[in-house]
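Visitor: Please take one part of this model and look at it closely. Give me the contacts and the cut-offs behind each term.

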Amino acid sequence: MEVDQQPIRILVVTSVEAERDAVLRGLQDDNRFTLLVGGVGPASAAASTAAVLATNSYDLVICAGICGGFIGQAGVGSVVVASEIICADLGAETADGFSDVDQLGFGSSRVAIDKELATKVTEAIQSKGLPVKMGQVLTLSTVTGTAETAAALAKRMPDAAAEAMEGYGVAIAAQQRGVPVLEIRTVSNAIGPRDKSAWRIKDALVALEQASAGLREVL
Ligand SMILES: O=C(O)c1cccc(C(=O)CC[C@H]2O[C@@H](n3cnc4c(=O)[nH]cnc43)[C@H](O)[C@@H]2O)c1
């Protein structure tokens, strides 16, 4: 007996409405995608995502939005597709520095990504003419706001490309349901001294729209 192939169902979680609207413009009414505004920060993102996944079935969850880029890794206006999602402040401060929960023996602060899928998405976004890289995306509850903290974080996490505030929450909710997850971020600001007036939010939202158009074509 031949079984009809069902279309893939994808849940995209953003933190705020402006990000959701940018993603929606890029997706152009593609009904395979459901958009959720999950709120700012990992707790709100996790709870919102888990609530939707409890009553609906999806094949893929994507955390999408704007982010800060590490200087020399991801420039303003560029796109980062997560190779790994890492909660960078989940652990303990010790006399010898930061210990993550993996070292403490309490689970993991890292969520793995399907590299083949992330590579396909990265290539599709690149085909839209956008600067894009695959790299670790950190989740933090507190936005980095000084040069000193930025330097310390870059030293502790040398392979990180970007930081944002929701990826790990979305990823844990998806992981607990056995659903694969991606994180796609566009860079609005360099990570460092806080100056929100310098954030290029409009440019990052335009890049998010274009990246979402690429996403639609590859999935
Ligand atoms: O003010 C606006 O018009 C506006 C439009 C869209 C988004 C925003 C946000 O403030 C989004 C907050 C969201 O952005 C992520 N983010 C951006 N830069 C950083 C950063 O340097 N470090 C950490 N997170 C960053 C984060 O995920 C926030 O939830 C405003």
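Guide: Leu-27 touches Phe-33, Leu-35, Ser-212 and Arg-216, leaving aside residues up to four places away in sequence. Contact here means heavy atoms within 4.5 Å. This is a predicted model, where local features need pLDDT of at least 70 and side-chain atom pairs count only at pLDDT 80 or more, while totals for chains, interfaces and linings use all residues. Residues are numbered from 1 along each chain as its sequence is written, and side-chain values use heavy atoms, with hydrogens and water left out.

Leu-27 sits in helix H1. Helices (H or I, at least four residues) and strands (E, at least two) are DSSP runs, numbered from the N terminus. Leu-27 counts as buried because its relative accessibility is 2%. Buried means under 20% relative accessible area, exposed over 50%, and partly exposed in between, with a 1.4 Å probe and protein chains only.

Next comes the loop. Gln-28 is in the loop between H1 and E2. Its phi is positive, about 50°, although Gln-28 is not a glycine. Asp-29 belongs to the loop between H1 and E2 and has a positive phi of about 60°, again without being a glycine. Most residues other than glycine have a negative phi. Asp-29 is exposed, because its relative accessible area is 78%. Asp-30 is placed in the loop between helix H1 (17-27) and E2, but Asp-30 counts as buried, at 13% relative accessibility. The side chain of Asp-30 makes a polar contact with the side chain of Arg-216, at 3.3 Å. A polar contact is a pair of N or O atoms within 3.5 Å; within protein, one must be able to donate a hydrogen and the other to accept it, and residues adjacent in sequence count only if both atoms are side-chain atoms. Asp-30 and Arg-216 are 186 residues apart along the chain, yet their C-alpha atoms are separated by 7.6 Å.

Strand E2 (33-37) leads on to helix H2, as one of the elements that cover the buried residues of H2. Strand E1 (10-14), strand E3 (60-69), strand E8 (132-139) and H6 are also among the cover. The buried residues in H2 are Pro-42, Ala-45, Ser-48, Thr-49, Val-52 and Leu-53. They fall within an arc of 140° seen down the axis of H2, so they line one face of the helix. That arc is taken from the directions from the helix axis to the C-beta atoms. Ala-43, Ala-47 and Thr-55 are exposed on the other side of H2.

Glu-166 lies in the loop between strand E9 (160-164) and helix H6 (167-176). Glu-166 is buried, because its relative accessible area is 5%. Its side chain reaches the backbone nitrogen of Gly-41 at 2.9 Å. An N or O atom in the side chain of Glu-166 is also 2.5 Å from an oxygen atom of the ligand. The protein covers 82% of the 610 Å² of accessible area that the ligand has on its own. Accessible areas come from the Shrake-Rupley method with a 1.4 Å probe; for residues, only the protein chains shown count as cover.
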